[in-house]
Amino acid sequence: MKYVDTHCHINSYQYDEDRLAVLKEIEKKMDFVVNIGCDLESSKIGIDYSKEYSNIYATVGVHPTDIGDEFSDELYRNLLELGKDEKVVAIGEIGLDYHWMTKSKELQKYWFRKQMSLAKELNKSVVIHTREATADTLEILKEFPEVTGILHCYPGSYKSALEVIDNYYFGIGGVLTFKNSKKMVEVVKKLPLSRLVIETDSPYLTPEPFRGKRNIPEYVEYVVRKIAEIKEISQDEVLKVTTENAKKIYKISK
Ligand code: NI
């Protein structure tokens, strides 16, 4: 069985030297991957990849550290048009980042709510980025009970997860394999496999044993292995169930 990567950024400059080779490897080795947009440009590039490669899907959205001072009607219309594409499987990544705080909390919340409305209008899932902002993020997610999605690289507690577990899946990536990931191991142990999806966030957050190097989608294998170990089940089981989960939340029927 081939692997799925629900979250990667192949448009990153870190692939400038050998992007075509990386894309070809994805085409050959992966079941499917989702290239996640961070702004208008990377969203468009993701759609371009999805046209070229049948097993690459895209999301469109503006990341909380990439937002501008004003969310214009024109931007909304642009995102809406891009979002209608059949290979766009979600709006994202969107959310709140109180670690980098490139813009005020209020402005971040405004952009977040706008893009949640967009997902609602398009009837698409969302991919959520949240850093040091769990309470505010969950509050906004609950304002949109009809929207479902993935909390990517989930940093919160098991207790917080339960607040949105009916509508959300939890994206688990390379951080789980790090030596200091004790808290996350506990969360993964408690969360049901039926709510987990696998991701790399390539080129970032490379799992052990490659930590420190550039990440690539096929390294999801090491995350699957670690979840199997934590939950004391087979890697096949982890792969099978998390692949079904990813297809369900992204409405992929291949
Ligand atoms: Ni990301």
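Trainee: In which loop does Glu132 lie?
Mentor: This is a predicted model, with residues numbered from 1 along each chain as its sequence is written. Local features need pLDDT of at least 70, side-chain atom pairs count only at pLDDT 80 or more, totals for chains, interfaces and linings use all residues, and side-chain values use heavy atoms, with hydrogens and water left out. Helices (H or I, at least four residues) and strands (E, at least two) are DSSP runs, numbered from the N terminus. Glu132 sits in the loop between strand S5 (125-131) and helix H5 (134-142).

Trainee: What is phi of Glu132?
Mentor: Most residues other than glycine have a negative phi. Glu132 is not glycine, yet its phi is positive, near 50°.

Trainee: Which residues of H4 and H5 meet?
Mentor: The axes of H4 and H5 come within 10 Å; axes are lines fitted to C-alpha atoms, for helices over the stretch in contact, and angles run from 0 to 180 degrees between N-to-C directions. Contact here means heavy atoms within 4.5 Å. On the H5 side you will find Asp136, Thr137, Ile140 and Leu141, and they meet, in H4, Lys109, Phe112, Arg113 and Met116.

Trainee: And how are H4 and H5 oriented to each other?
Mentor: Their axes cross at roughly 30°. Angles under 35 degrees count as roughly parallel, over 145 as roughly antiparallel, 65 to 115 as roughly perpendicular and the rest as oblique. H4 and H5 are therefore roughly parallel.

Trainee: H4 also meets H3, so at what angle do the axes of H3 and H4 cross?
Mentor: H3 covers residues 73-83 and H4 covers residues 105-122, and their axes come within 11 Å. H3 brings Leu75, Tyr76, Leu79, Leu80 and Gly83 to residues of H4 that include Trp111, Leu118 and Leu122. The two axes cross at roughly 40°.

Trainee: How are H8 and H9 oriented to each other?
Mentor: The axes of H8 (residues 220-231) and H9 (residues 235-250) come within 8 Å and cross at roughly 115°. The contact is made by Val224, Arg225, Ile227 and Ala228 of H8 together with Gln235, Val238 and Leu239 of H9. With that angle, H8 and H9 are therefore roughly perpendicular.

Trainee: Which residues coordinate the nickel ion?
Mentor: Donors are N, O and S atoms within 2.8 Å of the metal (3.2 Å for Na, K and Ca), and water is not among the atoms, so sites may look incomplete. Around the nickel ion, the donors lie at 2.2 to 2.3 Å. They follow the spacing H-x1-H-x83-E-x107-D along the chain. The coordinating residues are His7 (NE2), His9 (NE2), Glu93 (OE) and Asp201 (OD).

Trainee: How many residues apart in sequence are the parts that His9 and Glu93 tie together?
Mentor: His9 lies in the loop between strand S1 (3-8) and helix H1 (19-29), whereas Glu93 is in strand S4 (residues 88-97). Both residues coordinate the nickel ion. The pair therefore ties together parts whose separation in sequence is 84 residues.
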